[in-house]
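Hi,

Here is the structure I promised to pass on. Have a look first, and then read my notes below.

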Amino acid sequence: MQAGENTLETVVCETEVEIKNADGLHMRPAMQFVDIANQFECDITVSNIENTVDGKSIMQMSMLAATCGTKLKIKAEGADAQQAISDLQELVEKKHFDEPTPNKQKKS
Amino acid sequence: MEIKKGIAVSPGIAIAKSLIIDSEDYLIPQRSIDPSQRRVEIQRARNAFRDAINELTQFQTEQETIEQRNIKDIFAVHLRFLHDRSLRKKITDLVYSESVTAEYAVSKTLREIASHFTKEKDAYISERAADIYDIERRLLKQLLGKKREDVDHLTEEVAVVARELSPTQTAGFNKKFVKGIASDAGGRTSHAAIVARSLGIPAVVALEDLTESVTGGDTVIIDGNRGIVIVNPDSETIQQYQQYSEEFAELEHRLDKIKQKPAITRGDVKIALLGNIEFPNEAELVLQKGGEGIGLYRTEFLYLNRPSEPTEEDHYQAYAETVSVFKHRPVIIRTVDLGADKYTQSKRFAPEPNPFLGLRSIRFCLQNLTMFKTQLRAILRASVLGKVKIMFPLITNIQESMQAKMILRDVMEDLDEESIAYNKHIQLGIMIETPSAALMASTLARDFDFFSIGTNDLIQYTLAVDRGNELVSTLYSSADPAVLRLIRTVIQDAHKAQIDLSVCGEMASDPEYIMLLLGLGVRTLSLAPPMIPEIKQIIRSVTIEDCNNVVRKILGMNSERQISNYLRDATRKILPEAF
């Protein structure tokens, strides 16, 4: 344990996102998600109605099996929680994991 | 130390570290460990993750040129899983809480995850189960100590342990490193056993649950003489076996001395000993062991292990290579015997429900004429190089035999038109390996120059026993009186018609059956090359009168057990070292 960790301010951030890409949270999106999550120090959990999982574990994230339209709650706890939530929200709701959404036709 | 009993199918002793192969579609059995071993297993699991990551990373850099994003992504995802601490923890926790092996924990955990995906209604997500299985394989490959692809690149001596081995797999083994073979399934006449025998690798099969008792890297003793496998032997046992192994080598050496002596009985009756081979490079082995020709040249190998059908030239090269070794000694080439457990099933959309009674062997050829004619052309072309004979397998009636002959005549006419040379008087024979052919032998004999009794299939079809099914394999016996009656009929009919007769099934390489066969009137045997010296020694130790007496006794017996016991005792008197 690093000394001084306790002196860090504990920030808790939460948001709800909706999966909008057509194929849902399959392997590759799950990978993108955990790759971003792992860039942060804070603990990140993701919940659907039934389960809460570790947002840094690809196994747990992919097992959520969130399909298009599923709503997920992302919770971050730690110094850089704010940034983590905003980056993850952008990935899920703005970038749609760089994948097509049901409304949009696939680009080439 | 654990001792397992199976069926000895290829003689010799091997003491080596085990290599477990063929985990692919096979459920890793649950195997409990002593709690004190848990730390070792957890470390093995961690190492497996580390090694799998290294392997995958290296593979990725090698594949850098891959343009397709999705292929790159697949490996990237696998790598994330391998780096996933919670996955690793789930596995090591399982090892700890249930005291199981690392491979079982890996398999159980990943299969649970996979089944979680399979249950999802969304097709896209449920298909991800395949990725999980792939990750399972990656880890198991590390834990089970290399796998199939690595069997080709062995650098140290191993004993191969598997649930089941295919003949193709077995044939690919490098004899220099693969010192022994042991499998859960299989029987004395399964094709993998035949291949092991011809390669001269000690093998024991039908061990039922051996793979549950062995972990990759365990020391095992494979006793191919007595049908025993010892897992993690103590030092005393190893010592005993080393001594036994030396003694056995000495016996082999002694037998080697009689290689150059003729195969004649004590009353000077000449017996022809030929070799059964599968690959052209085995021809040399037949000569080394004192064989006088090839009595059964199996040609299926040409079709296995290759993406496309062999060309006429592929066939010709293989035959020419073998024939050139034997020059003017006989080489009997059997036309392809594909089907049932081999090849053809994989080409079908749906497997035949009952392949051994299905489209196999000559039936398959008669329905695939282009393929059949290609082979016949190649054999005929090779016939000018030596004393080649053609043999058709699995004939069941006169029509089939006539049809096969007609097609051969067509091919001959084609060659005539193209002025390609071949032996116009090439000898033609058939395998007698179905009860119907045995019963019709007197009629079939009119159309052919020779018969060869294929005892393996003849026994299977006569007794209605699947030779590879452990549940009934004890019913499969060469000593069954029904089988012996059929064999006797065929021999008598061949003699009446004055055509050549040989026995090329496993019976001909079993020391216990030699006196019986000689007594029944057989004078030509074709067998696995490594067995030739031992069989020759038996022949040189008996008189035909002894053999006739054995037959006379046996014809009065009605039970398989009585007959096999009698034969064992009779042989033991002749060649005690063989037991």
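How many helices and strands does chain A have? Chain A has three helices and four strands, where helices (H or I, at least four residues) and strands (E, at least two) are DSSP runs numbered from the N terminus. Starting at the N terminus, the order in chain A is β-α-β-β-α-β-α.

Before you go on: this is a predicted model, so local features need pLDDT of at least 70 and side-chain atom pairs count only at pLDDT 80 or more, while totals for chains, interfaces and linings use all residues. Residues are numbered from 1 along each chain as its sequence is written, and chains are lettered from A and ligands numbered from 1 in the order in which they are written.

Now for where the chains meet. In total, 16 residues of chain A are in contact with 17 residues of chain B (C-beta atoms, placed from the backbone, within 7 Å). On the chain A side, helix H1 (27–37) and helix H2 (58–63) are the elements that give two or more residues. H2(A) has the largest share, five residues.

Over in chain B, Val483(B) sits in helix H21 (residues 481–497). Val483(B) counts as buried because it has 24 C-beta neighbours inside 10 Å; the cut-off is 20 or more other C-beta atoms within 10 Å, against 12 or fewer for exposed and partly exposed in between, with C-beta atoms placed from the backbone. Leaving aside neighbours within four places in sequence, Val483(B) is in contact with residues including Leu458(B) and Ser478(B).

Cheers

Methods: Two residues are in contact if their C-beta atoms, placed from the backbone, lie within 7 Å.
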